[in-house]
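Please look over the structure below before reading on.

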Amino acid sequence: MDRIIPWDFSVIPEKFMLFRDAALYTLQITTMGILVGLVLGLIAALMKISNQRVVSGLAGFYIFIIRGTPLLLQLFIIYYGMTTIVTIPPFPSAVIALGVHNGAYIAEIFRGSIQSIDYGQMEAARSLGMPKPRAMRRIILPQAFKRAVPPLGNQFIIALKDSSLASTIAVPELLLRGRQMGSSTFMYMEMLIIVAIWYLLMTSVLTYGVHRLEKRMRVSDRVHT
Amino acid sequence: MSIHDQPLIRIKRLNKWYGDLHVLRDIDLDVQEQEVVVIIGASGSGKSTLLRCINHLERAQKGTITFDGKPIRTSEKVINRFRQEMGMVFQHFNLFPHMSVIGNIMEGPVHVKHMPKHEARELAIHLLDKVGLGDKTDTYPSMLSGGQKQRVAIARALAMEPRVMLFDEPTSALDPELVGEVIKVMEDLGREGMTMVVVTHEMWFAREAAHRVVYMDEGSILEEGTPEQMFSSPENERTKTFLRQILPQEEAPVGA
Ligand SMILES: Nc1ncnc2c1ncn2[C@@H]1O[C@H](COP(=O)(O)OP(=O)(O)OP(=O)(O)O)[C@@H](O)[C@H]1O
Ligand SMILES: [Mg+2]
């Protein structure tokens, strides 16, 4: 059969589910990476706004290093570079790299949202005799987290897409699966399009979820003052 | 007035600079227990700074402040203890927007004083009734008018059962028609014997409720006296000028 386009997209539906396990891998790397990133990010953000030079300097250095170098390099440093000390298998390497990488960006998101809270909030809490760490936890952070949701959602989408770099260290995630299926069936374009559809599905669900969360928070307390 | 006849707050030779700007100059001020002191003065004269130094939201470089005979030193722990005894009400309310009205009021008792929740709740309900907002317990601050917000803020400060209340222009962010309801709560407090230091431009509050009016100018206390003395026969030229500017618009009664 002579085709106008050189690809056979009809295989897409039948091959689609063969990527399920790979998608699950992608989801796992991303979720775990984000969790690590959230923890690191919160710690780094709190350190960054500390009055103590050394503490805030340390956080600043971490952010500087991570934001100034490519994620792929960071991944290679953990997977290949560390081998002289310890060999980390592909999957945990990917999670660590994604987590440490996102931690730096999430730190900046948290720092921004914490600093966007009116200083009067801290003063009001302190005027009640509340110690600073408790005021941070009870008064500032709950408000800051809400403001952080939209940029965090954005960062999560970036993380999801960045997880594809794990294909370079043989984590059987979506992109690697796409390449393997492509070379075994000689239908590269078709397989890569399936990969694209999977990514789009996941990013769309994520976008929708963040959107819903934002909306629900806005209704729940109409925070303005 | 106090049993030991010592002032509740004693400020001695207080000096504060912001960089090169000398904002408080040799301030001496005693506040007796159950006394209502009103601080007036032009914008930038240092009224807020003085008030904020009293509960250490600002730190003065020179001079001393004693509370109930004890110096407020600079250790965080000690300051936190003193702050529990000094309620502060801000110009912009600073209510916690993520907490309901009653949550705002219970926050200090529960999370600073570790009062059991049900007890704090009772106290909060009592205080809300007192400021005339008994029906607003579960509302969020963003749903309240400015006057209501400020009354919640007063209740929040009172919930710590402080020995003195500090007010920094509590009505100047309010629409004129909402000023009265806040001032009325403050007058009631004064009548009940609460010690208060109030920075305000509401001269009728000073006239009605103050025992003493203090006039500040460029970081110094230029003159002080009873409201009668200050308003009818101020001695200092600058006090006279300031009062002349501020009093005429006070002639018209502001309704509560
Ligand atoms: N954080 C700060 N940094 C630098 N200068 C400040 C700061 N806070 C206040 N000042 C300055 O200190 C002086 C006294 O300010 P303060 O707020 O105490 O005056 P105020 O009498 O309360 O005035 P207003 O009636 O406008 O509230 C002003 O000149 C002000 O610009
Ligand atoms: Mg002021």
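The sections below describe selected features of this model one topic at a time.

## Basis of the report

This is a predicted model, in which local features need pLDDT of at least 70 and side-chain atom pairs count only at pLDDT 80 or more, while totals for chains, interfaces and linings use all residues. Residues are numbered from 1 along each chain as its sequence is written, chains are lettered from A and ligands numbered from 1 in the order in which they are written, and side-chain values use heavy atoms, with hydrogens and water left out.

## Aromatic rings

A pair of aromatic rings is described by the distance of the centres and the angle of the planes. Here the rings of Phe, Tyr and Trp (its six-membered ring) pair if their centres lie within 6.5 Å, and planes under 30 degrees apart count as stacked, over 60 as edge-to-face and the rest as tilted. By this rule there are 8 aromatic pairs over all chains. In one of them, the ring centres of Trp7(A) and Phe9(A) are 6.1 Å apart and the planes stand at 45°, so this pair is tilted. Trp7(A) is partly exposed at a relative accessible area of 34%, and Phe9(A) is partly exposed at 32%, where buried means under 20% relative accessible area, exposed over 50% and partly exposed in between (1.4 Å probe, protein chains only).

Another pair, Phe76(A) with Tyr80(A), is edge-to-face, with 5.2 Å from centre to centre and 75° between the planes. Phe76(A) has 30% relative accessibility and counts as partly exposed, as does Tyr80(A), for which the relative accessible area is 44%. Together with Tyr79(A), Phe76(A) and Tyr80(A) form one aromatic cluster.

## Charges over rings

A charge sits over a ring if NZ of Lys or CZ of Arg is within 6 Å of the ring centre and within 35 degrees of the ring normal. In chain A, the charged end of Arg177(A) sits over the ring of Phe19(A), at 6.0 Å from the ring centre. In chain B, the charged end of Lys16(B) sits over the ring of Tyr18(B), at 4.7 Å from the ring centre.

## The largest pocket

On a 1 Å grid over the protein atoms alone, a cavity is a set of points where a 1.4 Å probe fits but cannot get out, whereas a pocket is an open set with protein on both sides within 12 Å along at least five of seven lines, and lining residues have an atom within 4 Å of a point. Grid points are joined across faces, edges and corners, and a volume is the space filled by probe spheres set on the points.

The largest pocket holds about 500 Å³ of space. It is lined by 15 residues, of which Ile49(A), Ile114(A), Met122(A), Lys132(A) and Met136(A) are the closest to its centre. Helix H5 (90-115), helix H6 (119-127) and helix H7 (132-162) of chain A are the elements that give two or more residues to this lining, and H7(A) gives the most, with 5 residues. Helices (H or I, at least four residues) and strands (E, at least two) are DSSP runs, numbered from the N terminus. By class, the pocket lining has 10 nonpolar, 3 polar and 2 charged residues, where Ala, Val, Leu, Ile, Met, Phe, Trp, Tyr, Cys and Pro count as nonpolar, Asp, Glu, Lys and Arg as charged, and the others, Gly among them, as polar.

## The cavities

The structure holds 2 cavities of 30 Å³ or more. The largest cavity has about 60 Å³ of space, and its lining includes Ile29(A), Leu71(A) and Asp162(A). H5(A) supplies the largest share of that lining, 3 residues, and the lining divides into 8 nonpolar, 1 polar and 1 charged.

The second largest cavity has about 40 Å³ of space, and residues of chains A and B line it, among them Ala124(A), Leu128(A), Met88(B) and Arg156(B). H5(B) gives the most to this lining, with 3 residues.

Asn94(B), in the loop between S6 and helix H3 (101-111) of chain B, is buried, with a relative accessible area of 7%. The side chain of Asn94(B) reaches the backbone oxygen of Gly120(A) at 3.1 Å.

Glu190(A) belongs to helix H9 (residues 188-221) of chain A and counts as buried at 4% relative accessibility. Its side chain reaches the backbone nitrogen of Asp8(A) at 2.7 Å.

Terms used. Polar contact = N/O pair within 3.5 Å; in protein donor to acceptor, adjacent residues only side chain to side chain.
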